[in-house]
Amino acid sequence: MDKEFLKQKAKEVRIDIINMLAEAGSGHPGGSLSCADILTLLYFDKMNVKPDNPKWEDRDRLVLSKGHAAPALYAVLAEKGFFPKEELKTLRKLGSILQGHPDMKSTPGLDMTTGSLGQGLSAANGMALAGKLDKKGYRVYAILGDGELQEGQIWEAAMTAAHYKLDNLTAILDFNGLQIDGPNREVKNIEPVNEKFKAFGWHVIEIDGHDFEQIDKAIEEAKATKGKPTLIIAHTIKGKGVSFMENQVGWHGSAPNEEQRQKAIQELEGGGV
């Protein structure tokens, strides 16, 4: 793992996120910025993918269950070379390959269409089970939102993954503590997440979701865990990298104006993350 390379890539991804949301005039910056480091490390260090062959049968798969964070995934895919970066300017525009939520039929590199919260882990289960049945070596990653854990389907999927011993599945919880209506603990408390998933038969790891060394170590531990799926609880900061967006619930689904864009870019270019 080249930590400095990953830090630079994550900074570029965050700049891409701000620019594309400002161009679109709508979207979700908070939860996109919070999972940028996780997605950057996965695609640039861990996942076995081929940008020139997005449907390669033996590729690792990723399901962005928190589909509103699509700008983060689009930025990473563009930086990785799945499609030209110029496409990022077309986010949410009519006819664009980059819609407001992931559409696997339109965007190279997407493994699942998502957006309706709670469904992504079930889709990831299917991919992981198919890998087992086909005796394939690929791994499946599912990025979950913390507010999303209020959906009942998540817990049905959690039971299913443990029942089928899907040790080729790693779920990563982007735990930034905020959802569209406010703090998770006030809307509908999801704690204790670690004990709940352990009770459902999962291996659970807790980390700082902005520390590349911790993310790297957790993913390697998940790979080494046999007989059960792994949940990585990644404690993150909503709006990470942009001071006026950090931990502010109002930036869940509000795009920056031109003045805010310039301020955010200046911060990101100057200090990194």
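**Sheet, helices and cores**

Visitor: What kind of unit do β6, helix α9 and β7 make?

Guide: A right-handed β-α-β unit, with α9 spanning residues 212–224. Right-handed means that, with the strands pointing away from you, the path from the first strand over the helix to the second runs clockwise. Helices (H or I, at least four residues) and strands (E, at least two) are DSSP runs, numbered from the N terminus. This is a predicted model, where local features need pLDDT of at least 70 and side-chain atom pairs count only at pLDDT 80 or more, while totals for chains, interfaces and linings use all residues. Residues are numbered from 1 along each chain as its sequence is written, and side-chain values use heavy atoms, with hydrogens and water left out.

Visitor: OK, the sheet: in what order do the five strands come?

Guide: β1-β2-β3-β7-β6, as an open sheet with parallel pairing (two strands pair if DSSP finds at least two bridges between them).

Visitor: And which strands stand at the edges?

Guide: β1 (61–64) and β6; each has a single partner strand, so one side of each is left without a neighbour in the sheet. The twist averages 20° from one strand to the next.

Visitor: How many bridges join β6 to β7?

Guide: Six, with β6 covering residues 203–208. Asp-208 is the residue opposite His-235 of β7.

Visitor: Why is β7 largely enclosed?

Guide: Five of its six residues (230–235) are buried, so the rest of the structure largely encloses β7. Buried means under 20% relative accessible area, exposed over 50%, and partly exposed in between (1.4 Å probe, protein chains only).

Visitor: What about β1 and β2, how many bridges there?

Guide: Four, in the parallel sense, with β2 at residues 140–145. Val-63 faces Ala-142 in β2.

Visitor: Switching topic: how many residues has the largest nonpolar core?

Guide: It has 54, and Leu-39, Leu-42, Tyr-43, Leu-62 and Tyr-74 have the most contacts inside it. A nonpolar core is a set of buried Ala, Val, Leu, Ile, Met, Phe, Trp, Tyr and Cys residues joined through side-chain atoms within 4.5 Å. A second, separate core of 28 residues includes Ala-124, Leu-144, Ala-171 and Phe-197.

Conventions:
Axes are lines fitted to C-alpha atoms, for helices over the stretch in contact, and angles run from 0 to 180 degrees between N-to-C directions.
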